[in-house]
Amino acid sequence: MTDMMSETGLLKETPQTTEAVGGMGYSVKRKEDPRFIRGQGEYIDDLVLPGMLWLDIVRSPYAHATIKGIDASEALKIPGVLAVITGADLEKAGLHWMPTLAGDKQMVLPTDTVMYQAQEVAAVVATSRYIAADGVAAVLVDYEPLPVIVDPFKSLEPDAFVLRPDRGPDKANNHIWHWESGDRAGTDTAMEAAEVRVSEDIYIPRIHVASIETCGCIADWNATRGQMTLHMTSQAPHAIRTVLALVSGLPEQNIRVKTHDIGGGFGGKVPVYPGYVLAVVASLTVGKPVKWIEDRSENLQADSFARDYHIHAELGATKAGKITALKVKTVADHGYTDAAADPSKFPAGLFNVITGSYDFDNAFVEVDGVYTNKPPGGVAYRCSFRVTEAVHAIERMVDILAHDIGKDPARLRMENFIQPDQFPYKTPTGWSYDSGDYPRALQKALDMIGYDDLRKEQLEKRAKGELMGIGISSFTEIVGAGPSHDFDILGIKMFDSCEIRVHPTGKVLARIGVQTQGQGHETTFAQIIAEELGFPVADIKIEYGDTDTAPYGLGTYASRSTPVAGAATAIAARKIRDKSRKIAAHLLEASEDDLEWTNGKFSVKGSPDKSKTIQEIAFAAYTNHPAGMEAGLEAVDYYDPPNLTCPFGSYICVVDIDRGTGQVTVRRFVAVDDCGNIINPMIVDGQIHGGLTMGFAPSLYEEISYDELGNNLAGTFMDYLLPTAVETPAWETGKTVTPSPHHPIGAKGVGESATVGAPPAINNAVVDALWHLGVRNIDIPLTPQKIWAILNEKGVTA
Amino acid sequence: MTTQHIELTVNGQVREADVEPRLLLVHLLRDVFEMTGTHIGCDTSNCGACTVLVDGESAKSCTMLAVSAEGRSIKTIEGMADGATLHALQQAFWDQHGLQCGFCTPGMIMQASWLLARNPDPTDMEIREGIAGNLCRCTGYVNIVKAIEQAATELRAPASTDAPAEPAAAS
């Protein structure tokens with residue numbers, strides 16, 4: 001595969017442009033950083049508009065309760081409190097419910113019942129941040145608590161009370177949807193015939209992205225102009241504009257969504273939260289800009305969560321360890337409404353990528369979505385479409401199989417991998433993997449970490465009673481949603497876009513349909529244009545996040561920016577190059593066919609001194625273009641990807657476990673990633689470091705759990721433990737390069753790979769350390785309490 | 001609304017304001033003085049996005065009242081660069097890709113400046129412990145540690161009137 005890529009010119013392991021141009025392959029320093037390092041970023045809470053008011057939210061202390069009354073009279077007596085908005089107010093305008101991206105509906109404010117702790121109950125509009133908070137404290141709400149369901153299995157029991165009677169008598173239960181993929185009968189037959197069967201229950205707990213900037217907005221309604229400007233923390237501003245137009249009835253050309261700088265997203269800034277809608281309603285009501293900024297505790301308790309998948313998996317294999325079948329049954333806890341942001345056809349996202357990096361014929365996957373008294377969602381944690389859950393399950397199951405049959409987990413993987421010559425590979429659940437070389441990535445990781453020596457060390461340590469484990473994860477990601485035949489959100493196809501304008505002086509303005517939340521698009525998208533057109537990166541300005549100017553796009557999540565908008569950028573640049581060729585032919589008085597393109601200029605074949613640089617061509621496009629040709633040098637492209645892209649990698653983790661405390665220490669972690677051709681190696685490394693840390697975090701620390709009354713037990717950073725620099729391992733990274741054969745620049749996307757790949761490596765390492773004690777599975781997070789209890793039960797605590 | 005008059009120094013400039021006694025220092029800086037480089041990332045003093053220096057000591061400005069800053073000297077991210085010349089820490093964070101979304105960066109730089117003032121030659125673990133009160137969700141800390149190491153090296157070099165050293169290779 002690699003040789004073929006090299007021959008076709010797709011493989012770009014060394015830069016093709018000069019360093020001064022700074023195209024693909026250069027670690028160009030980020031163009032966005034000068035403002036950030038000076039404290040001059042412009043995040044939503046930094047923005048102050050003339051006459052701006054503040055909105056703060058009254059939230060429910062109960063997970064399920066009837067609202068018997070709301071008394072705002074004391075709040076309204078506070079000087080500076082201008083209004084208190086309740087569900088009854090919204091009901092008059094039909095705005096008390098809003099649609100979710102998943103086709104369910106969500107309360108903006110309740111009229112009679114609250115469904116989870118910290119749900120929005122009323123909004124206070126005031127002249128300052130502090131007075132709004134005073135108003136919230138003074139609103140009296142009379143609640144009558146109702147029974148609570150936090151366990152999705154109990155929620156499915158026939159006698160469970162119905163959480164969502166609004167769905168009507170036909171749906172008098174708490175089951176949201178059933179989704180399945182693969183061949184049930186064929187898989188049952190293969191499973192029955194399997195010489196070895198292993199099964200396990202794996203729970204992937206509810207977690208929260210907790211970007212360091214919380215969510216917020218300023219809604220600015222100008223009644224005279226009929227213009228709504230919504231400044232907000234959104235990863236998908238165009239989609240927000242369209243949803244707002246559909247829900248509010250405002251004409252879409254009079255809605256402008258602007259994102260400014262965003263302090264981390266990770267998927268948590270894709271959904272529409274009630275706070276945004278309340279600010280819009282408040283601004284429409286009072287005719288002034290209204291700002292809403294979430295507190296951290298509101299963010300952790302009410303915004304969309306991720307995961308919460310209860311997975312039962314069964315793997316069939318031969319005695320020698322060749323996998324033959326996989327069967328998976330999953331219960332997905334969506335809280336009180338399905339507010340996931342999956343593409344319409346995929347209520348469980350791309351969870352059926354669960355066959356992973358392995359070649360076998362029979363797989364069947366089913367998922368049931370369930371309501372509980374928890375916040376809505378099923379959204380993202382640096383992986384939007386359930387790939388993390390899938391990879392976790394298959395990588396755990398493969399490890400359990402290896403341990404059960406006494407085969408080294410690395411060898412078992414090598415023997416089951418899809419081989420490089422099998423790509424494009426059709427999986428038993430219907431996906432087509434575009435490219436890969438799994439044995440090469442795993443072998444590189446094994447070599448980097450010194451696997452054989454570590455296994456020897458493990459045996460020596462075990463003989464001394466010390467607990468050391470080694471865990472592997474060889475994951476396949478599936479990103480770049482997506483091809484229009486399969487992928488849409490609310491009917492809008494998941495294309496993405498770029499518009500490039502070359503100015504007469506040879507400087508470039510490009511606007512993209514995706515957003516950046518720290519990925520560095522102002523730099524990397526400039527590098528794509530530099531690669532294609534030869535303009536230096538310094539001469540290219542990238543804009544995004546203003547729906548009045550940027551071309552329509554579906555936004556940044558699911559690692560789709562480079563696979564989709566990156567492709568659009570390359571194609572738009574190539575359209576400009578095509579027009580440039582015509583202009584060059586005119587200037588050089590040569591035939592187009594006689595021109596060749598190298599290093600940012602067209603030269604006449606055989607006469608390299610006869611040439612025109614792209615800058616000269618840009619000037620001519622406005623001053624001396626051929627007769628009959630439109631002036632200007634601009635292009636736009638809306639890119640519909642022919643397929644998804646499949647980044648992959650192999651990770652190896654070494655852990656030591658303290659027998660006295662149950663503390664797990666990640667001693668080493670080697671990550672070999674393959675994201676195809678690399679635009680900016682420095683930025684890719686940074687994405688992998690960050691992704692690994694967000695894989696490490698839920699493996700050892702993070703979980704949003706609830707008591708039986710539905711109280712959130714991790715609603716602040718005191719209880720929801722983000723890793724600090726002290727715990728975070730010193731990541732060791734390596735790479736292989738297997739370009740995507742269908743992507744214009746052979747890239748694949750990288751933002752989420754490490755978050756997807758890391759948890760099973762850590763989980764496998766910890767179970768590996770304890771396997772000889774009879775431990776088969778421990779669900780993440782692998783907290784000291786959990787591990788110590790196991791050690792204590794096994795009688796091996798120090 | 002009862003207010004109290006305060007006078008303090010911010011980045012070398014004497015500033016005055018009439019503030020409610022409950023006003024947090026971070027809101028004084030951001031909302032009253034319009035210096036928005038100091039950020040707010042939590043409500044439990046865990047994240048450190050609001051870190052500033054108060055009389056040279058690192059402080060989480062979300063956990064200090066503005067009135068407690070009376071007569072004291074505050075340094076924020078806006079006071080780090082000398083005109084067009086970046087502070088060694090700012091330059092190093094840029095060189096080493098020590099930031100992604102940039103939201104934790106001002107607090108991280110202020111905390112690192114406090115650390116390097118106390119310990120000009122920290123080990124890797126001393127750096128990690130020194131910034132343990134500052135959360136970053138994007139970088140995995142690897143390049144933040146590298147950036148602080150680069151700045152420490154540069155700040156330890158003998159004082160010179162020359163232009164800042166050439167940045168280290170970024171990759």
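Author: Contact means heavy atoms within 4.5 Å. By that rule, 52 residues from chain B and 56 residues from chain A make up the contact. This is a predicted model, in which local features need pLDDT of at least 70 and side-chain atom pairs count only at pLDDT 80 or more, while totals for chains, interfaces and linings use all residues. Residues are numbered from 1 along each chain as its sequence is written, chains are lettered from A and ligands numbered from 1 in the order in which they are written, and side-chain values use heavy atoms, with hydrogens and water left out.

Reader: What area do chain B and chain A bury between them?

Author: Buried area is the accessible area (1.4 Å probe) that two parts lose on being put together, summed over both. For chain B and chain A this comes to about 4,400 Å², with 58% of it on carbon and sulfur atoms.

Reader: Why is the pair Arg30(B) and Asp46(A) called a salt bridge?

Author: The term asks for a side-chain nitrogen of Lys or Arg within 4 Å of a carboxyl oxygen of Asp or Glu. Arg30(B) and Asp46(A) are 2.8 Å apart, N to O, so the pair qualifies. Between chain B and chain A the count is six salt bridges. Arg30(B) and Asp46(A) also belong to a network of salt bridges that links them with Asp45(A), Arg129(A), Lys291(A) and Asp31(B).

Reader: What makes Arg22(B) and Asp134(A) partly exposed?

Author: Buried means under 20% relative accessible area, exposed over 50%, and partly exposed in between (1.4 Å probe, protein chains only). Arg22(B) has 31% and Asp134(A) has 26%, so both count as partly exposed. Their side chains meet in a salt bridge at 2.8 Å, N to O.

Reader: How do you know that Lys12(A) and Glu531(A) form a salt bridge?

Author: Their closest N and O atoms are 3.3 Å apart, and that value is within the 4 Å cut-off, so the label holds. The pair links distant parts of the chain, 519 residues apart, with Glu531(A) in helix H15 (residues 521-533) of chain A. Helices here are DSSP runs (H or I, at least four residues) and strands are E runs of at least two, numbered from the N terminus. Both Lys12(A) and Glu531(A) are buried.

Reader: Why are Asp55(B) and Arg72(B) said to tie parts of chain B together?

Author: Asp55(B) lies in the loop between strand S3 (51-54) and strand S4 (57-60), and Arg72(B) in the loop between S4 and strand S5 (73-75), so the pair ties together parts that are 17 residues apart in sequence. The salt bridge between their side chains is 3.3 Å, N to O. Asp55(B) has 44% relative accessibility and counts as partly exposed; Arg72(B), with 33%, is partly exposed too.

Reader: Within chain A, how many residues of domain 2 and domain 3 are in contact?

Author: In chain A, 21 residues of domain 2 are in contact with 22 residues of domain 3. The area buried between these two domains is about 1,700 Å², and the count of salt bridges between them is zero.
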